[in-house]
Amino acid sequence: MRIPLKTKTLWNKDDVSLTNDNDNTYFGQIMVGTPGQPFNVLFDTGSFDLWVPSAIWPKQKSRRYRSSASKTFKRNGKKTEVRYGTGSLKGFMSNDAVEIGGLRIKQQAFIEATEAPGRRIYERPWDGIFGLSGLSKSTITGARPIWRTMMDEGVVTKKVCSIWLRRYSDSGENGGEIIFGGIDQEHFTGAHTYVDAEGPHNTFKINSFFVGKIDTKVCSKGCKVVVDTGSTYIRGPPNLIVKINKQIRIAADCSNYDKLSEVISFTIAAKTFTLTPRDYIERKNGKCKSVFADAKSDLWQLGTPFIRAFHTVWDYQTPGIVKVGFAKSK
């Protein structure tokens, strides 16, 4: 199923149109229940569970799931809590039908959220989060993640998920595309470089971090990383990030932006991947800053700046093995 990412949010039976929120997040509509209740969700490879606001969600004028209005709702009621960096999302488990474009899941466990992890969540342009983990069950709630349900129940013909993101300035009516069950050859050049991923977050290693011709010595012994569509930055340990940003030296007022010529390069599976200043500098409202930011752990996060540069594939076709692949985006 192709899910085009557009700058407008629409719904029809064939696809889901997603919004590129000024290069911060990419989100779009799904339907929960019968008849379907629409929710804008952030598609997040860094989390396991699906959650949408419950009927008692505190934010005024927000979309709320109403179980009494759905013919396919099945009660669970188990209380649950998901911890994020900003706090804990609290709620309870429920089961209902979920539709993503033309793909329909008859029953999916999800969280009816009652309390957000910090008030900033109430300011976001999306309603909930669609965890894209392919685990057999969530390490938090014990529920089967929705992407795993889609694979296990044959909703998709091929156990592959691919993501292509465009920059907000380039997007027009097409902000990118997520495909459940395939890969669009028009969105990348060359062949994908695949690496075996491990653990609940599909981690792998990057090596040899260069800024221009200068070896920063960052990741010389290998850094564990995860691709995270829910992150707007490329995050790493603070002591390593400061070394990278010291080499970049971008002026806050963008006065030296046009003079930046250094590329940032590193290796994945012995293949060199290169980011240009357009990829690693965030330039908004006359201000510039590096997209390399501090993480709260030793695990690196390759967020949306990396995914915009490299078309990304998660391949679950071989039992027990997950491969993540990257190719230069068009």
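How many disulfides does the structure hold? The structure holds 2 disulfides, a disulfide being a pair of cysteine sulfur atoms within 2.5 Å.

This is a predicted model, in which local features need pLDDT of at least 70 and side-chain atom pairs count only at pLDDT 80 or more, while totals for chains, interfaces and linings use all residues. Residues are numbered from 1 along each chain as its sequence is written, and side-chain values use heavy atoms, with hydrogens and water left out.

**View 1. The two domains of the protein chain.** The domain assignment gives domain 1 (15-176) and domain 2 (186-329); such bounds come from an automatic or database assignment. Taken over C-alpha atoms, the centres of domain 1 and domain 2 are separated by 26 Å.

**View 2. The interface of domain 1 and domain 2.** Contact (heavy atoms within 4.5 Å) involves 31 residues of domain 1 and 23 residues of domain 2. The size of an interface is often given as the accessible area lost when the parts come together. About 2300 Å² is buried between domain 1 and domain 2, with carbon and sulfur atoms giving 53% of this area. Buried area is the accessible area (1.4 Å probe) that two parts lose on being put together, summed over both.

**View 3. The side of domain 1 that touches domain 2.** At least two residues each come from strand 3 (25-32), strand 4 (37-44), helix 1 (146-152), strand 10 (160-165) and helix 2 (168-171). Helices (H or I, at least four residues) and strands (E, at least two) are DSSP runs, numbered from the N terminus. Strand 10 gives the most to this side, with 6 residues.

**View 4. The link of cysteine 219 and cysteine 223.** A disulfide joins cysteine 219 to cysteine 223, with an S to S distance of 2.0 Å. The link is left-handed, with -105 degrees about the S-S bond.

**View 5. Two backbone features in loops.** Threonine 34 and proline 35 are joined by a cis peptide bond, with omega about -5 degrees. Proline 35 lies in the loop between strand 3 and strand 4. Arginine 249, although not a glycine, has a positive phi of about 55 degrees. The loop between helix 3 (238-248) and strand 17 (264-268) holds arginine 249.
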